[in-house]
Amino acid sequence: MQTNFLALLTIFGMALVTYLTRMSGLWLMRHMTLSTRMKAGLGYLPGTVIVAIVAPTVFSTGLSEAGAALATVLVMARTRNVLLAMIVGVGVVWGLRLLQTHLR
Amino acid sequence: MSNHISSVSPQPSEEPVAFDLKGGMTGARQALPVALSVGAYGLVFGVLAQQARLSILEVLLMSGLVFAGSAQLIVLSLWSMPLPIAAILLTTLIVNLRNLLMGAAISPWFSRFSPLKAYTSIFFLADENWALTMGEFAKGKRNAAFLLGSGLVLYVAWVGSTVIGRALGDVVHDPARFGLDFAFTAVFLSLLVGVWKGKSDLLPWVVAAIVAVGAAHFLPGKWYILLGGLAGSVVGMVRHAD
């Protein structure tokens, strides 16, 4: 029951933090201007954070994961369809893992 | 992202900006196709949330109160007992820092309206409807309720699909057997393709990848996400100064 309470508290904390990031842009622009350097740094964050999330899985798990990652990126770049890219990625990783266990 | 900001004039033109039901409905209509992909993403989040042992109530509350897909997805990877609350909140902050930029870019259109309208609308700010709204303004449309209308549609799609996905998760056992554990990585790789702006991203991304792989090897938990992300963006920021 205690962990449940902590989970709820964590979720409320996440909600508060997220809303602060949303409203602070509006609020700050009434009071100050961000330097272009700060803006540039913030602009890189979404990409670099996502790269950091996937890098260990893509580059240091195995050939199946690396191959499936390549397939996902190629499909997404060609079609811009997140759902299709995801299905292909999952399908390729499933197939390659199956292949690996049979070859072993 | 910076392309959008620089291509849109920083100030609304002389024509006054409106905020009414008509603008909200236009936003809602334009968000419908986007809501489909948000819904697909939400289903995946729900299934993964089940694996991370979140209850249906927790998924409902998280999606309804936080309403931030990528932050929620990343937090799932941190969600193990005992909860690393500080790391979760710090990660949430870092992943959502881009909201600050998007809020700043959209702020001129809200300067005329009451704090209630502005600060309620901004709760529904997401990458997708921000891009839709900035596009609408760039076309010369002047209705700030577009953000709220499109945001509400995405909100319903997100909360609904994540809860349904969580319920489906009870049926799908051992997702690794079907490669479903890779869905998480695949979703992020897809998002990454959309985030790519050009060659200037290459060095920050390579640095982020190297630092993340190294940190994942040597450090416990998920600190590699923060370290990789920060290292990459600092490299981008330093290079920007040259």
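Biologist: How do α6(B) and α8(B) lie relative to each other?

Modeller: An angle under 35 degrees counts as roughly parallel, over 145 as roughly antiparallel, 65 to 115 as roughly perpendicular, and the rest as oblique. α6(B) and α8(B) are therefore roughly parallel to each other. This is a predicted model, where local features need pLDDT of at least 70, side-chain atom pairs count only at pLDDT 80 or more, and totals for chains, interfaces and linings use all residues. Residues are numbered from 1 along each chain as written, with chains lettered from A and ligands numbered from 1 in written order.

Biologist: What is the angle between α6(B) and α8(B)?

Modeller: Helix α6 of chain B (residues 98–106) packs at about 20° to helix α8 of chain B (residues 127–138), and their axes are 11 Å apart. Helices are DSSP runs (H or I, at least four residues; strands are E, at least two), numbered from the N terminus. Axes are lines fitted to C-alpha atoms over the stretch in contact, and angles run from 0 to 180 degrees between N-to-C directions.

Biologist: Which residues of α6(B) and α8(B) meet?

Modeller: On α6(B) they are B:Met102, B:Ala105 and B:Ile106; on α8(B), B:Trp130, B:Thr133 and B:Met134. Five residues of this contact are nonpolar, one is polar and none is charged. Contact means C-beta atoms, placed from the backbone, within 7 Å.

Biologist: How do α3(A) and α4(A) lie relative to each other?

Modeller: In chain A, helix α3 (residues 63–79) and helix α4 (residues 82–103) pack at about 155°, with axes 8 Å apart. α3(A) and α4(A) are therefore roughly antiparallel to each other. The contact of α3(A) with α4(A) has eleven nonpolar, six polar and two charged residues.

Biologist: Is B:Val187 buried or exposed?

Modeller: A residue is buried with 20 or more other C-beta atoms within 10 Å of its own, exposed with 12 or fewer, and partly exposed in between. B:Val187 counts as buried because it has 26 C-beta neighbours inside 10 Å. B:Val187 belongs to helix α10 of chain B (residues 183–195). Eleven of the 13 residues of α10(B) are buried, so α10(B) is largely enclosed by the rest of the structure.

Biologist: What does B:Val187 touch, beyond neighbours within four places in sequence?

Modeller: B:Val187 is in contact with A:Val82, A:Met86, B:Tyr41 and B:Val44. B:Val44 is 143 residues away along the chain, yet the two C-alpha atoms are separated by 8.7 Å.

Notes: Two residues are in contact if their C-beta atoms, placed from the backbone, lie within 7 Å. Ala, Val, Leu, Ile, Met, Phe, Trp, Tyr, Cys and Pro count as nonpolar, Asp, Glu, Lys and Arg as charged, and the others, Gly among them, as polar.
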